[in-house]
Amino acid sequence: MEIPQISYASTAPELSDNTRYDFFSRVVPPDSYQAQAMLDIVTAMGWNYVSTLASEGNYGESGVEAFVQISRETGGVCIAQSLKIPREPRPGEFDKIILRLLETPNARAVVMFANEDDIRRVLDAAKRNNQTGHFLWVGSDSWGSKISPVVQQESVAEGAITILPKRASIEAFDRYFKSRSLSNNRRNVWFAEFWEENFGCKLGMHGKRPGSPKKCT
């Protein structure tokens, strides 16, 4: 389908292939860039033996693949082991991952391309297995500056280095966005639904929220 798309968050490297995705554009760099940045950090820290950890799926696996490929081409960094977190982890899965990582104790640095829920559970498992202070975490933009993965387990996350693409606030856009209302934004077919959800109200007879306590203004 020839529908132009602009993404604010899709970072998979394959989306850079213009022969396949010529109607797709994005405003964030692909994962290959942050994989290079992560390798630069690992090299600068003098860590020449590291493990990788990926959430199963396009984001995690593509990110780790990019890191492994770049490190192979550059040289100087060996991959101890590459582990994958299943989409539907079984009970005890994260404890097994920590124990697997401990099989190569000299590879204390762990390069992670994982979703924030998996990151939280990896850190929790490390804490549970008394490994606070052992691992040197290098996290991708899915961790970035988020607080949720480290809440109540700050000690095991201490010293982690995380990546986040450069970002800036655009005042003109913020001004425009905040000025939108039901009266001046009728061309956006989802705006009324957003208004109901955001303010917990109902828009007349055709509202999407049955039994909502108040009428939208």
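This is a predicted model: local features need pLDDT of at least 70, side-chain atom pairs count only at pLDDT 80 or more; totals for chains, interfaces and linings use all residues.
Start with helix α1, residues 31-44. The helix has 14 residues. From its first C-alpha to its last it reaches 20 Å, close to the 20 Å expected at 1.5 Å a residue.

Now look at which residues of α1 are hidden. D31, Q34, A35, M38, L39 and V42 are buried. Look down the axis of α1: these buried residues fall within an arc of 145°, so they line one face of the helix. What do they pack against?

Follow the chain past the end of the helix. Just after α1 comes G46, with a positive phi of about 80°.

N130 is not a glycine, yet its phi is positive, at about 55°. Find N130 in the loop between α4 (116-128) and β6. Is N130 buried or exposed? Its relative accessibility is 69%, and the cut-off for exposed is over 50%, so N130 counts as exposed. Q152 is not a glycine either, and its phi is positive at about 65°. This residue sits in the loop between β6 and α5 (154-157). Q152 is exposed too, with a relative accessible area of 65%.

Next come the empty spaces. Rolling a probe the size of a water molecule over the atoms shows where empty space is left. How much space lies in the largest pocket? The answer is about 460 Å³. Its lining has 13 residues, and the closest to the pocket centre are Y8, V27, V28, K166 and R167. By type, the lining of the largest pocket divides into nine nonpolar residues, one polar and three charged.

The second largest pocket has a volume of about 230 Å³. Here, 13 residues form the lining, and F177, R180, N185, N188 and F191 are the closest to the centre. Which elements give two or more residues to this lining? They are α6 (171-178) and α7 (191-199). Helix α7 gives the most, with five residues. The lining of the second largest pocket divides into seven nonpolar residues, three polar and three charged.

Terms used:
Residues are numbered from 1 along each chain as its sequence is written. Side-chain values use heavy atoms; hydrogens and water are left out. On a 1 Å grid over the protein atoms alone, a cavity is a set of points where a 1.4 Å probe fits but cannot get out, and a pocket is an open set with protein on both sides within 12 Å along at least five of seven lines; lining residues have an atom within 4 Å of a point. Grid points are joined across faces, edges and corners, and a volume is the space filled by probe spheres set on the points. Ala, Val, Leu, Ile, Met, Phe, Trp, Tyr, Cys and Pro count as nonpolar, Asp, Glu, Lys and Arg as charged, and the others, Gly among them, as polar. Helices (H or I, at least four residues) and strands (E, at least two) are DSSP runs, numbered from the N terminus. The expected span of a helix is 1.5 Å times one less than its number of residues. Buried means under 20% relative accessible area, exposed over 50%, partly exposed in between (1.4 Å probe, protein chains only). The arc is that of the directions from the helix axis to the C-beta atoms.
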